[in-house]
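Here is a short note for a colleague who is opening this structure for the first time. Please read the points with the viewer open.

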Amino acid sequence: MAQIGFVGLGRMGGNMVARIKRDSDHDVVAFDPDKGARDKAKAAGARPASSLADLVKKLDAPRTVWLMVPSGQVTRDAVDKLSELLEKGDTIIDGGNSRWTDDKARAAALKPLGIEYMDVGTSGGVWGLDVGYCMMVGGPPRSVKRVAPILDVLAPAATPEHGPGWGHFGPVGAGHYVKMVHNGIEYGLMQAYAEGFSLFDAAEYELDNGKIAHLWMQGSVVRSWLCELAAKAFDEEGNELAQIAPYVEDSGEGRWTVEDAIDKRIPTPVITASLFERFSSRGQNAFAAKVNAALRNQFGGHAITKAKQ
């Protein structure tokens, strides 16, 4: 039996705790500032902690604490606080979507304290509870070996064709780097599907988008989990997706992928274009469209559509 502390019990973290307790006898100590989230983890079989200090107190040395909190300042604050509570030989795991360069900086800051650091890029979303999480791991081999029983439970079952559902890719930062590129590819795949269905929406035929997406899952070369989710979305929201606003957020990994590609001079036109399309969805190209319209009017006398007051 392994033991782990979990910090952050939102949609991902809460489901990960539930999967560990449902499918194993591993001991989980769980903390979240929200009492409702802690109560839900307790109902799943975890031992709730009232604070980070309480969580550390309830773990046996050498301790392993897994963070599933938003990247950026929230993660920095959690790591800083844990660095004051943990001891030499303990390990902090960042399972969120931090930038790999931040991982390296945190590991360097923790090294003088004897606290080890791992990064685990986690893919699977809200479906991971049932199908498992694909996990991309970076960090020292000793820490990875100690947490491997937890990773085995969280990941999909190993298959002869593809092996286990998690992989160790190198030192600190390697896991989140692989996950960053994974998300960049995800941007491109999503954009391709979005553009295809946009053509269907404008076609002269009365096409059923849900029917098309379901059909493509039957042996088509473009079948994928994203295609399956598109079919589900059309089934639930209707062929026109009328209740969904044309606004697409980005969580950062696509930007980091493009920035890294620029630094390395690696062409990534599909990923870059898909990122810019997300910006366009927020109206951030509206003024550019106005300039285009004005220029067409100036050089060709083309009509301008007046803005509604």
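**Notes on a predicted model**

1. F197, F200, W216 and F234 come together as one aromatic cluster. Keep in mind that the model is predicted. In the whole structure, the count of aromatic pairs comes to eight. One of them is F197 with F200: the ring centres are 5.7 Å apart and the planes stand at 75°, so this pair is edge-to-face.

2. How far apart are F197 and F200 in helix α8? They are three residues apart, which puts about one helical turn between them. Their surroundings can be checked residue by residue. F197 is buried, at 8% relative accessible area. F200 is partly exposed, at 23% relative accessibility.

3. F200 also pairs with W216. This pair is tilted, with 5.8 Å from centre to centre and 50° between the planes. F200 belongs to helix α8 and W216 to helix α9 (residues 209–216), so the pair ties together parts that are 16 residues apart in sequence. W216 is partly exposed, with a relative accessible area of 24%.

4. Another ring to look at is that of Y187. R278 lies over its face, 3.6 Å from the ring centre.

5. Next, the cysteines. How many disulfides are there? The count is zero. Take C134: the closest cysteine sulfur is in C227, and at 20 Å it is too far for a bond. Seen from C227, the closest cysteine sulfur is that of C134, again at 20 Å and too far for a bond. A disulfide would need the two sulfur atoms within 2.5 Å. Are these two cysteines buried or exposed? C134 is partly exposed, at 37% relative accessibility. C227 is buried, with a relative accessible area of 0%.

6. Rolling a probe the size of a water molecule over the atoms shows where empty space is left. The structure holds one cavity of 30 Å³ or more. The largest cavity has a volume of about 30 Å³. Its lining consists of N97, S98, H176, K179, M180, E253 and W256. By type, these lining residues divide into two nonpolar, three polar and two charged.

7. Which helices supply at least two residues each to the lining of the largest cavity? They are α8 (174–202) and α11 (253–264). α8 gives the most, with three residues. Helix α8 is also where F197 and F200 sit.

8. Residues K88, G89, A107, K111, G114, I115, E116, Y117, P140, R142 and V172 line the second largest pocket. This lining divides into five nonpolar, two polar and four charged residues.

9. The peptide bond from A61 to P62 is cis, with omega near -5°. P62 lies in the loop between α3 (52–58) and β4 (64–67).

10. The other two places concern phi. L241 is not a glycine, yet it has a positive phi of about 50°. L241 lies in the loop between α10 (225–237) and α11, and it is partly exposed, at 29% relative accessible area. R265 is not a glycine either, and its phi is positive at about 60°. R265 is found in the loop between α11 and α12 (269–280). At 79% relative accessibility, R265 is exposed.

11. Last, the overall picture. The secondary structure comes to 13 helices and eight strands. The C-alpha trace spans about 75 × 40 × 40 Å along its principal axes. Of the 309 residues in the protein, 42% are buried.

Technical notes
Residues numbered from 1 in each chain as written. Predicted model: local features only at pLDDT ≥ 70, side-chain atom pairs only at ≥ 80, totals over all residues. Heavy atoms only, no water. 1 Å grid on protein atoms, 1.4 Å probe; cavity = no way out; pocket = protein on both sides within 12 Å on 5 of 7 lines; lining within 4 Å. Nonpolar A, V, L, I, M, F, W, Y, C, P; charged D, E, K, R; others polar. Points joined across faces, edges and corners; volume = space filled by probe spheres on them. Helix = DSSP H or I, 4+ residues; strand = E, 2+ residues; numbered from the N terminus. Phe/Tyr/Trp six-rings, centres within 6.5 Å; stacked < 30°, edge-to-face > 60°. Buried < 20%, exposed > 50% of the residue type's maximum accessible area, 1.4 Å probe, protein only. Lys NZ or Arg CZ within 6 Å of the ring centre and 35° of its normal.
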